[in-house]
Amino acid sequence: LYNVPKDRVKGFGYLRREAELGDISACYFLGSSYHKGLFENDNPNAPVPTTSKPGEGGSKLCEKDITKCLEYLEKAASGGHTKAQLYLHQMYKTADGVEKDLAKAKDYLIRAMRQGDPEALFIRGNQFYAGEDGEPVDKAKALKLFLDAGERGSADAMCSAGAMIYKGEGQEKDLKKAFEVYTNAASLGSLAAVKNVVLNKNVNR
């Protein structure tokens, strides 16, 4: 738009300045970058490094540094950044660079959930559905959380709610309502829900 040449080294420097000024999005980006370390040509959103051969990554923007990672992520989480809260939830749940701590993991998850984050609601729903992470099995709670997450835009959560209603989990079996929920999930982009909607239509022809 402004015809400015791309310079990720400079950009990373600007992000550091913004983080020092309290920008929580900058803090989140830096925290996630320090978690694994980041090269100039890496995709910071990729689950694995995008550069496989030495020299292809460009300049090293930052080394792996768990202390800095936690410092920036906690700053972002304290400011209400739900992605940072979920990132910390996953780190403490899986002992990824930190000692496993399910209490801390739950705290960060609940904080994101209370802000209405659909991914957090979906994760919490799965905990009650499967009885994971120290939670009891509670299908009614799981269904409520799936529906809440779905109403906030989570296609997977809405599809899970449809499946529960179809099977009579968390409430009485209701094929009409299940079809409506599957239709909503399909409109949000769930391919599994699209398949179930099509199958249901074919059965009722």
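How many aromatic pairs does a search of the whole structure find?

1. The search finds five aromatic pairs. Rings of Phe, Tyr and Trp (its six-membered ring) are paired if their centres lie within 6.5 Å, with planes under 30 degrees apart counted as stacked, over 60 as edge-to-face and the rest as tilted.

2. The model is predicted, so local features need pLDDT of at least 70 and side-chain atom pairs count only at pLDDT 80 or more, while totals for chains, interfaces and linings use all residues. Residues are numbered from 1 along each chain as its sequence is written, and side-chain values use heavy atoms, with hydrogens and water left out.

3. Eight salt bridges are found in the whole structure, each being a side-chain nitrogen of Lys or Arg within 4 Å of a carboxyl oxygen of Asp or Glu. One of them joins Asp96 and Lys36, at 3.4 Å from N to O. Asp96 belongs to the loop between helix H4 (82-94) and helix H5 (102-114), and Lys36 to helix H2 (residues 24-36), so this pair ties together parts that are 60 residues apart in sequence. Helices (H or I, at least four residues) and strands (E, at least two) are DSSP runs, numbered from the N terminus.

4. Is Lys36 buried or exposed? Lys36 is exposed, at a relative accessible area of 52%, whereas Asp96 is partly exposed at 25%. Here buried means under 20% relative accessible area, exposed over 50%, and partly exposed in between (1.4 Å probe, protein chains only).

5. Lys93 forms a salt bridge with Asp133, and the closest N and O atoms are 3.4 Å apart. Because Lys93 lies in helix H4 and Asp133 in the loop between helix H6 (118-130) and helix H7 (139-151), the pair ties together parts that are 40 residues apart in sequence. Lys93 is partly exposed, at 24%, and Asp133 is partly exposed, at 27%.

6. Glu135 and Arg124 meet in a salt bridge of 2.9 Å, N to O. With Glu135 in the loop between H6 and H7 and Arg124 in helix H6, the pair ties together parts that are 11 residues apart in sequence. Both residues, Glu135 and Arg124, are buried. A network of salt bridges links Lys106, Arg124 and Glu135.
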